[in-house]
Amino acid sequence: MSLERKDEHDHKGWMKGRELSPVEKGYLTVLIWLDRRLRIVDYLEILENLYYKANLQMPKSHTEQYNLDNKFWYWYPLYALGSFSTIAYVVAAISGALLGFYYSPSTAAAETGTVAYSSITFIMTELNFGFLLRSLHRWSAQVMVAAVFLHMLRVYFTGAYKEPRELNWIIGIVLISLTMVFGYTGYLLPWDQLAFWAGQIGVEMSLSIPLAGEWVAQLLFGGFTLSQSTLMRMYILHVFFLPFITTALIAIHIGIVWMQGIAEPH
């Protein structure tokens with residue numbers, strides 16, 4: 001008597017009765033193996049039911065309501081800006097993590113200015129593919145800023161911020177704000193002349209805030225003048241604090257879009 005669990009659905013027999021390519025056979029074999037151990041299909045069915053229940057509660061899209069078919073085809077490229085900005089964020093995150101292996105957030109004196117600036121010089125001049133890696137990080141960050149800004153414009157001019165998508169619009173405003181903070185903190189990390197004076201402008205702007213100005217300057221910049229505390233705060237914000245918050249909000253943002261669907265132009 002065999003103690004092996006009986007395959008109630010006879011998956012192997014079903015696969016033998018069909019003409020499947022090697023890729024399809026491999027995919028189905030892996031899926032069946034995982035499903036028998038982790039019940040993946042059951043969870044997929046639960047997610048599918050939740051998806052359809054959520055969408056049944058949402059109003060019809062304009063295309064469905066007015067039977068417009070593809071009348072707004074010229075808008076469709078602009079609907080890829082959200083995905084484009086997400087891809088740029090992923091590229092910036094991966095390249096930034098690799099740069100972190102060679103960067104030192106220190107204002108101590110070195111042969112070429114400070115330790116932080118010397119580490120950037122090493123990446124750009126001596127590290128194999130370092131110039132490419134930093135350029136990739138820099139350009140992906142700039143592309144992300146532009147894509148997020150254009151994405152917000154598209155959402156506004158197509159009326160996608162209206163009911164029932166107000167919450168996602170607010171999350172989008174928070175995300176574009178975090179994107180700008182990402183850019184500013186990363187701008188200061190090389191600790192060169194551009195970074196120094198950008199940091200000084202940030203201190204002056206903080207001090208100009210009524211009532212809480214000095215407290216904000218102390219919190220964000222470690223005082224009223226730039227120092228090691230300033231660079232360390234920018235590094236912690238850029239590498240540890242902002243990525244976790246931004247990634248979580250992006251996941252929530254995409255999840256809401258998935259549940260509500262895409263809003264066509266009004």
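The following dialogue discusses how to read several features of this predicted model.

Reader: How many helices and strands does the chain have, and which pattern do they follow along the sequence?

Author: The chain holds 11 helices and 2 strands. Read along the sequence, their pattern is α-α-α-α-α-β-β-α-α-α-α-α-α.

Reader: What share of the residues is buried?

Author: Of the 266 residues in the chain, 31% are buried. The accessible surface amounts to about 18,200 Å², and carbon and sulfur atoms account for 67% of that surface.

Reader: Where do Arg 39, Leu 211 and Pro 164 lie?

Author: Arg 39 is in the loop between helix H2 (22-38) and helix H3 (40-56). Leu 211 belongs to the loop between helix H9 (193-207) and helix H10 (213-221), and Pro 164 to the loop between helix H7 (130-157) and helix H8 (166-188).

Reader: Is Leu 211 buried or exposed?

Author: Leu 211 has a relative accessible area of 95%, so it counts as exposed, the cut-off being over 50%.

Reader: Which residue forms a salt bridge with Arg 39?

Author: The partner is Asp 42, with the closest N and O atoms 3.0 Å apart. Asp 42 is partly exposed, at 31% relative accessibility. The count for the structure comes to 1 salt bridge.

Note on methods. Residues numbered from 1 in each chain as written. Predicted model: local features only at pLDDT ≥ 70, side-chain atom pairs only at ≥ 80, totals over all residues. Heavy atoms only, no water. Salt bridge = Lys/Arg side-chain N within 4 Å of Asp/Glu carboxyl O. Buried < 20%, exposed > 50% of the residue type's maximum accessible area, 1.4 Å probe, protein only. Helix = DSSP H or I, 4+ residues; strand = E, 2+ residues; numbered from the N terminus. Areas by Shrake-Rupley, 256 points an atom, 1.4 Å probe, with all protein chains shown as cover.
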